[in-house]
Amino acid sequence: MTQLKSMQFLVAPDSFKGSLSALEAGVTIQEAVLAEMPNAAVHVIPMADGGEGTVDAFLYATAGERVTLNATGPQGERMETFYGVLGDGKTVVLEMAAIAGLMLVPNEKRNVFNLTTFGVGECILHALNAGYRKFIIGIGGSATNDGGLGMLQALGVSFKDSSNHEVSPFARSLREVASVDFGNLDHRLSDCEIRVACDVDNPLYGSTGASQVFGPQKGATPAQVEQLDRALEGYAAVVERHLGQSYNDHPGAGASGGLGFALLAIGAQLVSGAEIIAEAAGLEQKLVKADWLITGEGRTDSQSLRGKVPFFLAELAKKHNVSTIVLSGSLELDLEPMYPYFGSLHSIMNGPMTLDQAIEQAKPLLYHKTRNVIRLLGK
């Protein structure tokens, strides 16, 4: 074991949703590694894919600061939320999950027709008023399906019905939109760089669009899904006719209930969330020096090979001949497609248990699984 005392580990987990944030998971893994190899060098970089925990991951990676403010919540209520300012002092990072996220809406109130992204626009305005012009917006974990209608209204865009009345900023208004005017869109946005952390490639509407794929997860019934899909198609036609440009088919336009579409319409660029965090944290530079990369997530399955955090990291690690260890809440039975990318994959479960039990015990389960993996490396 002597020759391994100076081993270098890069620890870069995603969150274990419902139990551990990416930072909590990273620190737990770090503690376990050091328990077995006290002289190892362990660098922790919490990761995120644009959903819950994105702001914290960026702030940890760049030594940034959190800003709290009041904004409109997903149900139209006033609430306290936050965004981050990166360590560069110039870039703001917003997290959709903290402004109009699914976890902010109680189960019994999850009616997507009555939810809005208005608060996202208010947070952007707050940052603009504070002088910021560079934005990273994580759009995972949303409760909404309003096509970004609310956000655009908060930023100055006017949407009117056939009677020339301004429509309300909720998804139920999508089917009423007869005309749109971007003339009063906040002019400062033209000076902004807006990058959107987005790890899905769905179009706005259709069989793989926002409503059909993500609507049921947000409580929409089959009938509501069909209504929303048609409403988004009509809404997009009005916006695109006005702007003279099409965005509905752009990969990611359907992300976050169509918020991706609205952000594209104001000049944003949709990019990989994991890629932006890795860049901000200088992850690749640290990876070059690592002997092992350890990552993790709540569940590892075939979806993990479609650009999720562990796959993105594993591909980056392979470039530098670094092997990747995955520690996961649960593993899909068919691991064969994953072996070419990962050095080894491990479920942190140590016996039969319910999901609630696994969530409650996530930290000790992760800690002891990590220790056992490191003990093997030290033999």
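Gly282 follows helix 9 (residues 273-281) and has a positive phi, near 65 degrees. Helices here are DSSP runs of H or I with at least four residues, and strands are E runs of at least two, numbered from the N terminus. The model is predicted: local features need pLDDT of at least 70, side-chain atom pairs count only at pLDDT 80 or more, and totals for chains, interfaces and linings use all residues. Residues are numbered from 1 along each chain as its sequence is written, and side-chain values use heavy atoms, without hydrogens and water.

At the start of helix 9, a side-chain oxygen of Ser272 lies within 3.4 Å of the backbone nitrogen of Ala274. The buried residues of helix 9 are Gly273, Ala274, Ile276, Ile277, Ala278 and Ala281; buried means under 20% relative accessible area with a 1.4 Å probe, protein chains only. The elements that they pack against are tabulated below.

| Partner of helix 9 | Residues |
|---|---|
| Strand 6 | 134-138 |
| Strand 9 | 193-197 |
| Strand 10 | 269-271 |
| Helix 10 | 283-288 |
| Helix 11 | 309-319 |

Helix 2 is also a partner of these buried residues.

A nonpolar core is a set of buried Ala, Val, Leu, Ile, Met, Phe, Trp, Tyr and Cys residues joined through side-chain atoms within 4.5 Å. The largest one has 61 residues, of which Ile124, Phe135, Met151, Phe159 and Tyr235 touch the most other members. Helix 7 (residues 222-243) gives the most to this core, eight residues. A second, separate core of 31 residues includes Ile45, Ala48, Ile276 and Leu283.

Notes. Buried means under 20% relative accessible area, exposed over 50%, partly exposed in between (1.4 Å probe, protein chains only). Contact means heavy atoms within 4.5 Å. A polar contact is a pair of N or O atoms within 3.5 Å; within protein, one must be able to donate a hydrogen and the other to accept it, and residues adjacent in sequence count only if both atoms are side-chain atoms.
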